[in-house]
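The paragraphs below go through one protein model, from overall form to single residues. Please keep the sequence and the coordinates at hand while reading.

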Amino acid sequence: MSSVSAAPQAVSEFPVPSVGVICLRDDQVLLIKRGTPPRLGQWSLPGGRLERGETTVAGALRELAEETGVQAQLLGLVDVVDGLFTSRQTGATTRHYVMIDYAARWISGEPVAGDDAAEARFVSLDEALAMVEWDVTRKVIAETFQRFGG
């Protein structure tokens, strides 16, 4: 998954469009540790909700810069995935994010946690696959390395 910003807002009855960035630098990928729900404290990809009138490309680059201070060039679309969050009590879907994940190549900047990220750093593919809990995020990271190299 891509990480999704969680600024306080009413739960939408409709899916919320969001973007994520799988940013590669040599043989490493950039991860953030989430500082806000959902998935608080988990390692994930920089990303978040699109803003009104913002393209997915602009949103991806903005979220990357806001959460990590890193600049990158987008390489292409990796996948579009659903993030469904359910109530532990009822099992009902409480949040639905449609996450548009882009591959990117690092241009400049050393990762510094910002916005809703508690930490940000480049790690190897093996480290990333061990650190990330959500299987969907592990899948898009592995696919990015296969398609765009490390």
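A residue is called buried when its relative accessible area is under 20%, exposed when it is over 50%, and partly exposed in between, using a 1.4 Å probe and protein chains only. By that scale, 46% of the 150 residues of the protein count as buried. The model is predicted, so to speak of provenance: local features need pLDDT of at least 70 and side-chain atom pairs count only at pLDDT 80 or more, while totals for chains, interfaces and linings use all residues. Residues are numbered from 1 along each chain as its sequence is written, and side-chain values use heavy atoms, with hydrogens and water left out.

The protein contains 3 helices and 7 strands; here helices (H or I, at least four residues) and strands (E, at least two) are DSSP runs, numbered from the N terminus. Their order from the N terminus is β-β-β-β-α-β-β-β-α-α. The C-alpha trace spans about 45 × 35 × 25 Å along its principal axes. The radius of gyration, taken over C-alpha atoms, can be set against a globule rule of 2.2 Å times the number of residues to the power 0.38. For 150 residues a compact globule would come near 15 Å, and the 14 Å of the protein agrees with this.

Contact means heavy atoms within 4.5 Å. Among contacts between residues at least 6 apart in sequence, 72% join residues at least 24 apart. Lys and Arg count as positive and Asp and Glu as negative, with His and the chain ends not counted. The place of a charge is NZ of Lys, CZ of Arg, CG of Asp or CD of Glu. There are 14 positive and 20 negative side chains, and the centres of the two sets lie 3 Å apart.

Aromatic rings come next. Rings of Phe, Tyr and Trp (its six-membered ring) pair if their centres lie within 6.5 Å; planes under 30 degrees apart count as stacked, over 60 as edge-to-face and the rest as tilted. How many aromatic pairs does this rule give? The count is 1. Phe85 and Tyr97 form an edge-to-face pair, with 5.9 Å centre to centre and 80° between the planes. Phe85 belongs to strand S5 (residues 71-86) and Tyr97 to strand S6, so the pair ties together parts 12 residues apart in sequence. Both Phe85 and Tyr97 are buried.

Strand S6 (residues 93-108) also holds Ser108, which counts as partly exposed at 32% relative accessibility. Leaving aside neighbours within four places in sequence, Ser108 is in contact with Gly69, Val70 and Gln71. Ser108 and Arg25 are 83 residues apart in sequence, yet their C-alpha atoms are 9.6 Å apart.

Two loop residues have a positive phi without being glycine. Asp26, with a phi of about 55°, sits in the loop between strand S1 (16-25) and strand S2 (28-34) and counts as exposed at 57% relative accessibility. Asp115, with a phi of about 50°, is in the loop between S6 and strand S7 (117-124) and counts as exposed at 53%.

Finally, Met131 is found in helix H2 (residues 125-131). Beyond its neighbours within four places in sequence, Met131 is in contact with Leu31, Trp43, Arg121 and Val123.
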